[in-house]
Amino acid sequence: MIIFNSLADIPADFGPSIATIGNFDGVHRGHQWVIAEVVGQARAENIRSIAITFDPHPARVIRPESSQPLITPLPQKLELLAATGIDAVLVLPFTTELSHMTARAFATEVLKDALHVTQLHEGENFRFGYQAEAGVESLEALGRELGFSVRVYAPRHLRGETISSSRIRQMIAEGDVTHVRALLGRSFAVCSTPASGRGYGTRYTVPTINLAPYTELLPANGVYITELTVGTGTSSETFDGVTNVGNRPTFGADSFTVETHLLNFHPIDLNESTPLTLTFLRRLRAEMRWPNPEALKEQIGRDVTKAKRYFNICRAVGSKLHSARP
């Protein structure tokens, strides 16, 4: 997948192309459906497919006081977009100047002149231009004038839920990491590095890893069954885990941490820049204050037992499915 970080990066001979525009926060199943249609149509016509997105999220420029944490920060979003098979992504820097661009100017300068778009695929709630002046009807009119068609999509629903970034964000914030998997099309995960000052050396021998401070979306405070992947690519390794998201109230310390106890741990190579991916699978319980560290230790033992049972069941089911395949 080619990544363009500005209009100036786009070569003059790019296109014709089929495009979709959006923030794509979460790259959820609704996004995936639209992008699959874009990719399929572009391949059928032997032309380019491209997604147009923005960084930072427009709300952080237009309404900074009310902007929300992201499901997927830009690096993670680009990885997920790459997995869709789309040919290119244009990441437009969202500035005050861009926020004042009219719908007509955007359609002319970006869609027509830079990307030579022949088709644009958008959800029916799509709005663009200065102060969100234009909707899909205006977009269709501009398309007729500038030489591209518009395909409009109604919102998708799954298990009675509308698939949207806002609903997914709400579910994660409530700690509902089990049901959000259906809307995302995968388990919710955060990408970070180990917290600094924890004595990480060449070989790390303690089965507890804290994430570095993370400013984007995290599940509600509580204890979760998780997987922690250390490193990337072929050199990575994934451990079963139990993760506490919260302030450790039993110890009276108001210090927020995301702390993972690794169940199948062995000493590993780790330093403060090692990539970590923490995947949330199921919520075990809310965060609570225990009368003493001994009571907390007993509860952690119960949490670990539940997590091990969860992983054993998952692997047994997976093994049966694998053996049943012809």
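Start by selecting Asp113 and Lys112: these two form a salt bridge, with their closest N and O atoms 3.5 Å apart. The model you have open is a predicted one. Colour the pair by accessibility and you will find Asp113 partly exposed at 41%, and Lys112 partly exposed as well, at 36%.

Keep your salt-bridge display on, as the structure holds eight of them. Next stop: Arg169 and Asp25. Their side chains meet in a salt bridge, 2.8 Å from N to O. Is Asp25 buried or exposed? Asp25 is buried, with a relative accessible area of 4%.

Now move on to Arg285 and Asp303, another salt bridge, whose closest N and O atoms lie 2.9 Å apart. Show the cartoon: Arg285 is in strand β16 (residues 276–286) and Asp303 in helix α9 (residues 293–324), so a strand and a helix are tied together by residues 18 apart in sequence. Arg285 is buried at 14% relative accessibility, and Asp303 is buried at 2%.

Time to switch to the rings. There are nine aromatic pairs in the structure. Select Phe126 and Phe128 and look at the angle between their planes: it is 20°, with the centres 5.4 Å apart, so this pair is stacked. Both can be checked for burial: Phe126 has a relative accessibility of 13% and counts as buried, and Phe128 is buried at 8%.

For another geometry, pick Tyr310 and Phe311. Here the planes stand at 85° and the centres are 5.6 Å apart, an edge-to-face pair. Tyr310 and Phe311 are both buried.

Which cluster do Phe106, Phe126 and Phe128 form? Together they make up one aromatic cluster.

For the last stop, select Arg156 and Trp33. What sits over the ring of Trp33? The charged end of Arg156 does, 4.0 Å from the centre of that ring. Turn the view until you look down on the Trp33 ring, and you will have the charged end of Arg156 over it.

Key
Residues are numbered from 1 along each chain as its sequence is written. This is a predicted model: local features need pLDDT of at least 70, side-chain atom pairs count only at pLDDT 80 or more; totals for chains, interfaces and linings use all residues. Side-chain values use heavy atoms; hydrogens and water are left out. A salt bridge is a side-chain nitrogen of Lys or Arg within 4 Å of a carboxyl oxygen of Asp or Glu. Buried means under 20% relative accessible area, exposed over 50%, partly exposed in between (1.4 Å probe, protein chains only). Helices (H or I, at least four residues) and strands (E, at least two) are DSSP runs, numbered from the N terminus. Rings of Phe, Tyr and Trp (its six-membered ring) pair if their centres lie within 6.5 Å; planes under 30 degrees apart count as stacked, over 60 as edge-to-face and the rest as tilted. A charge sits over a ring if NZ of Lys or CZ of Arg is within 6 Å of the ring centre and within 35 degrees of the ring normal.
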